[in-house]
Amino acid sequence: MTGSQPLPEAGPEAPTLVVEHLDVTYKVRGQDRPVVRDVSFTVGRRESYGLVGESGSGKSTVALALTRYLARNGRVSGGSIGINGLNPLAMSREDLRLLRARTVSMVYQEPGRALNPSIRAGRQIAEVFEIAGLGKESSLDRAVDMLRRVQIADPGRVMDRYPHELSGGMAQRVVIAMALAAEPSLLILDEPTTALDATVEAEILDLVAGLREQMSTSVLFISHNLAVVAKMCDRVGVLYAGELIEEGPAEKVFSASRHPYTVGLLRCIPRRGQRKDSGRLDAIPGFLPQPGQVMTGCVFAERCSLVVDECRQQPPPGFDVGLDHTARCYRHADVPEMPGTPPQDRPPGPSGLLDSPEGATPDPIVKIRSLDKTFGSGESAVKALTNVNIEVMRGETLGLVGESGSGKTTLARTLLGLTEPDPGSVITLDETPLTPGLRGRPLDQLKSLQIVFQNPDSALNRRRTVRWLISQPLKRLAGLTGGRLNERLTDLVRSVRMENRHLSLRPGQLSGGLKQRVAIARAFGGGPRLVVCDEPTSALDVSVQAAILNLLADLQAKEQVTYLFISHDLGVVRYLSDRIAVLYLGRVLELGPAEQVFGGPHHPYTEALLSAVPSLDGLDQQTPAARSPDGRPEITLRTERIKLTGEIPSAANPPSGCVFHTRCPRRLSTGVCETTEPPLAEVEPGHQISCHIPIDQLRVLQGSAAPKG
Amino acid sequence: MSELTATPSAAPGEVAVAHAFAAPPAQWRLLLRKPTFGIGAGILLFWLVCAVFGRLIAPFDPLAQQLLAKNGAPSGAHLFGTDDLGRDVLARVIVGARDILLIAPVATLLGAVLGAMLGLAMGYFGGVVDTVLGRIVEAVLALPVVIVAFLFIVAVGPSSITLILVVGFIFTPLIARTVRTAVLVERQQDYLASARLLGERPAFIMFAEILPNVLPVIVVEFTVRLGYAIFAVATLSFLGFGVQQPTPDWGGDIATNYGLLGAGYWWETLFPALAIASLVMALNLVTDSIEQVISS
């Protein structure tokens, strides 16, 4: 409808949202704690504004304050909010209800929780129209239209489904349809894709971007993911500890950042081509401050490498650092030349795959042969793993990637013995077959295989102290007692960069990063040979993630351990892994050296995964001249992007032939994909792909004669 | 910030806001600040003092009969009046706290310990163990409590020990079921897998890893059951299977005197009944506050 409108900034209309000097406090145990301080920003008509920040930065609090949805103990203690010129803070109950019903819509992270589980999806959308005054029948008709607009292929069927019958991506579409049904002036998206898989995330983001062009809605996009915000937003505000520390046009903030925190955040994300052997990641030292902590001076001073005395005494005002671009930093002029962590080489290990000369035969530590795993039996049997054959080489990192439900975690748990594989499967550790479960597994094998779980809150017993938690593996697996136990404990604590004073604390008293360090110390306590890292950084903030990845890489170099590294974050996998296995519906579709798997030619599924992930790569080279005509940064809109449509099929009823054929953009017209499952065949030395398309043709299709990155 | 950081030297933000579980002192402060807890604990304390020092506090010997002053209405000399043997009702109410406050907690403790062990085993092992024990628990729960208690007491003979065993065994399956549910939640947590990967034995995992995490559930269950135990003991005494006359006992005294209600001697029944009610109410107030603090 309004696709050809001029630039939002140039539009003659008043802005949709004006936030000025907003302060929000929460009352905790009788004390007021400021969680948002002096935040000001403006979202113009049809503009998309991104709020980025790590956990506790106050980004969701800002969103809740806008529509007065703050928790009981929270209140706006200063500043003003204007939505279409109206002030929600001074509204009567009825006006507020109308504002929430008509003017502002919100979409949250968990689509499952935003929908009423006992009402069919269609009814829930129709309700929005009924509130707007339409009759029952026409509301239902409009609901079907709405579902079509959010690109649901079969709206009729989705209308009749209950929320639990919808997949995550489908449910989020329904939520977006509901949010847009009232044609709001302002749409608030709070981490709308964080709970979704990469390929689904890409679809939802495309959908939102497409809808923005059709509708006259302004968007406030809240996310911790810089790449997503860079892709989706015209303007960006970076929040840290409740303060907006940098604000400006998206391409300026990301390519010419003028605040040390923004620069630090951008630097600690592994870039394409950056690998563990090429040096450490830049991590921001220290930890995020507690929400509500009272700080004098600059909120970032504690962790800033450019800090001067002035920063600690007086909070910096917003400095103009360009057109519409402000940064709250006294040293904003020096930020572009901000020193990173000096490039340090990892201590070279005495042996290991990384340093092994070309041509030396790698030596497998673990061999997995025709591994199958079926959950349940009879009608309800679900095949989680089908004929998996993988060798894990000594000292390497094998990355395991795939969407949720692909069997990554089941594979790891089966290897560890937490889940018993189907009879006939063979897993050997140094040529010795492993017992199928943990029962009766000899101490030596227990010691050899350990894991770092995704969520340290769940992996650490919350009632035990750090000392107890780290001592347990030393006692059980290493058989240490008394003085030698204490000695090793101190060593271990130091090697995960923690301090002795942490020993008496319980997990609940530690930050997320420290908790994960305790979990890593536990995994390394018994002197393991292979450690499974199951999404070890996905529950952590970006600035903490880099430090944990550095630690893992350092420990690997020092202890000569092998990693089986599971992650959905391809950037992280690429940074750490020597080889990659791509899983889909319990089958290995591709297996090979990291640079070949990422560089291509690769399996069409790998290709789709790679192109689904928004990334910040290429941003530094961005010059103003390279911008697209409409002024939006062309950061991630790669032309080669291939789209996956549809949902991941159910593992209980996998497609015939090649399991990927239902979503494959390169499916062959001969029909062979639908009928025959392609074998996992070696296409280059050490590189296996399970696809009917010959490698040379893939190479041409994917235009990747020369490996990228 | 200092009260939130466990170590004064910690860098800001390093030590996250102490979780209520991790810092018992903070929990105690929250508990003490609740008025309901204060009232409940006050009444409870009063009855505990009565139970321990009853004979010293009581204005009369609870067993001393004054046949000339029988069925005397409450007066300056006998605040709660006298019963049909002329015994002082106030003295009997005060001293009557002793047996019930001994039997009920010990019985509940027995039920909680047995129930916790059973629940841990059912929840942790699952499968056949859970099915078999679960059926037995259900079978026990299906039996009418009073009849089982009757038969047992008639067979063994009434005594404090019998009462404790009966009430304890009756509570065991109830507590086991609650604990089992809590254990099932814990079983989803990765720390159990982590312990198994260290080669820990089931007993260790159950008692050293899971038990501390389900302890709050057991504590709440204990206090809830304690209220029921008071009822159960008073009921059994009322029916003549508990504390035997002439020992002062609330349930027993109600049983001896309720026949006289028709004659207008209400005080002989009302005051022991009020004693039971106040004790149970006090327990419920304390239980509610503990539950709120634990779940917050």
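Where in α6(B) does the kink of about 30 degrees lie? In this predicted model, the kink sits at B:Thr172, shortly before the proline B:Pro173. The legends below start with that helix and then move on to chain A.

**View 1. Helix α6(B) and its kink.** Here's α6(B), with 28 residues and a reach of 39 Å from its first C-alpha to its last. That span is close to the 40 Å expected at 1.5 Å a residue, and the helix still has a bend of about 30 degrees at B:Thr172.

**View 2. Helices α3(B) and α6(B) crossing.** Next up is the pair made by α3(B), residues 89-125, and α6(B), residues 160-187. Their axes come within 5 Å and cross at roughly 35 degrees. The crossing of α3(B) past α6(B) is right-handed. As for who is in the contact, the residues split into 21 nonpolar, 9 polar and 4 charged.

**View 3. The eight-stranded open sheet of chain A.** Reading across the sheet, the 8 strands come in the order β5-β6-β7-β3-β8-β9-β11-β10, with mixed pairing. The edges belong to β5 (104-107) and β10 of chain A; each has a single partner strand, so one side of each has no neighbour in the sheet. Going from strand to strand, the turn is 20 degrees on average, direction ignored.

**View 4. Strand β3(A) between its two parallel partners.** On one hand, β3(A), residues 48-52, pairs with β7(A), residues 218-223, in the parallel sense over 5 bridges.

View 5. How many of the 6 residues of β8(A) are buried? The count is 6 of 6, so to speak a mostly covered strand, spanning residues 235-240. A:Arg235, A:Gly237 and A:Leu239 point one way, while A:Val236, A:Val238 and A:Tyr240 point the other way, and all are buried. Then comes the hairpin: β8(A) and β9(A) have 2 residues between them. In the turn, A:Ala241 has a positive phi of about 50 degrees. The two strands run antiparallel, joined by 6 bridges, with β9(A) covering residues 243-249. One pair to spot is A:Leu239 with its bridge partner A:Leu244.

**View 6. The three-stranded open sheet of chain A.** This one goes β2-β1-β4, with antiparallel pairing. Its edge strands, β2 (31-43) and β4 of chain A, each pair on one side only. The twist averages 10 degrees from one strand to the next. Zooming in, 8 bridges join β1(A), residues 17-28, to β4(A). Within that pair, A:Val19 has A:Ile81 as its bridge partner.

**View 7. Strand β14(A), covered on both faces.** Is β14(A) enclosed or open to the outside? All 5 of the 5 residues of β14(A), residues 397-401, are buried, so the strand is largely enclosed by the rest of the structure. A:Thr397, A:Gly399 and A:Val401 are buried on one side, and A:Leu398 and A:Leu400 are buried on the other. β14(A) pairs in the parallel sense with β19(A), residues 562-566, over 4 bridges, and A:Leu400 stands opposite A:Ile566 there. With β20(A), residues 579-584, the pairing is again parallel and over 4 bridges. In that pair, look for A:Leu398 opposite A:Arg579.

**View 8. Two loop residues with positive phi.** A:Asn84 is in the loop between β4 (74-83) and α2 (93-103) of chain A, and its phi is near 50 degrees, a positive value in a residue other than glycine. A:Asn84 counts as partly exposed because 17 C-beta neighbours lie inside 10 Å. A:Asp324, also not a glycine, has a positive phi near 55 degrees. Its loop runs between β10 (319-322) and β11 (325-327) of chain A. With 13 other C-beta atoms within 10 Å, A:Asp324 is partly exposed.

Key. Residues numbered from 1 in each chain as written. Chains lettered and ligands numbered in written order. Predicted model: local features only at pLDDT ≥ 70, side-chain atom pairs only at ≥ 80, totals over all residues. Axes fitted to C-alpha atoms, helices over the stretch in contact; angles between N-to-C directions. Left-handed = near helix turned anticlockwise from the far one by under 90°. Nonpolar A, V, L, I, M, F, W, Y, C, P; charged D, E, K, R; others polar. Buried ≥ 20, exposed ≤ 12 C-beta atoms within 10 Å, placed from the backbone. Pairing = 2+ DSSP bridges. Expected span 1.5 Å × (residues − 1). Bend = angle between axes of the 7 residues up to and from the residue.
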